[in-house]
Amino acid sequence: TLSREVAVKVLRERFAHNRVAVRRFLDEATVTSQLQHPSVPPVHEIGELPGGRPFLVMKRIGGRTLADLLAER
């Protein structure tokens, strides 16, 4: 509704029922949402998909992926 490009990070399906993995994901999302630094994309929302998997929505940063950079080396 705000007409901005975002990135959505979702916990992998295989970890959806792992309480430790879910807690770590949510802790990361919460901590990241409190940071304000040029190298850390702002978090806009933390939520849960209908099946229960958590997600976070953050500012989309354009450029190459880490996988692309590592493949070049």
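The model is predicted, so local features are given only at pLDDT of at least 70 and side-chain atom pairs only at pLDDT 80 or more, while totals for chains, interfaces and linings use all residues. Residues are numbered from 1 along each chain as its sequence is written, and side-chain values use heavy atoms, with hydrogens and water left out.

**The largest pocket**

Begin by selecting Lys9, Arg60, Ile61, Gly62, Gly63, Arg64, Thr65 and Leu66, which line the largest pocket. A pocket here is an open set of points on a 1 Å grid over the protein atoms alone, where a 1.4 Å probe fits and protein lies on both sides within 12 Å along at least five of seven lines; lining residues have an atom within 4 Å of a point. The space in the largest pocket is about 260 Å³, a volume being the space filled by probe spheres set on the points. Its lining divides into 2 nonpolar, 3 polar and 3 charged residues, with Gly counted as polar.

**Salt bridges**

Because Arg60 lies in the loop between strand 3 (54-59) and helix 2 (66-72) and Glu5 in the segment before strand 1, the pair ties together parts that are 55 residues apart in sequence. Helices (H or I, at least four residues) and strands (E, at least two) are DSSP runs, numbered from the N terminus. Arg60 is partly exposed at 44% relative accessible area, whereas Glu5, at 58%, is exposed; buried means under 20%, exposed over 50%, and partly exposed in between, with a 1.4 Å probe and protein chains only.

Next, select Arg64 and Glu72, whose closest N and O atoms are 2.8 Å apart in another salt bridge; both residues are exposed.

Then move to helix 1 (residues 19-34), where Arg23 and Asp27 lie 4 residues apart, about one turn of the helix. They form a salt bridge with closest N and O atoms 3.1 Å apart, and Arg23 is partly exposed at 46%, as is Asp27 at 38%. By this rule the count comes to 5 salt bridges.

**Strand 1**

Finish at Val10, which is placed in strand 1 (residues 6-10) and is partly exposed, with 30% relative accessibility.

Technical notes:
Salt bridge = Lys/Arg side-chain N within 4 Å of Asp/Glu carboxyl O.
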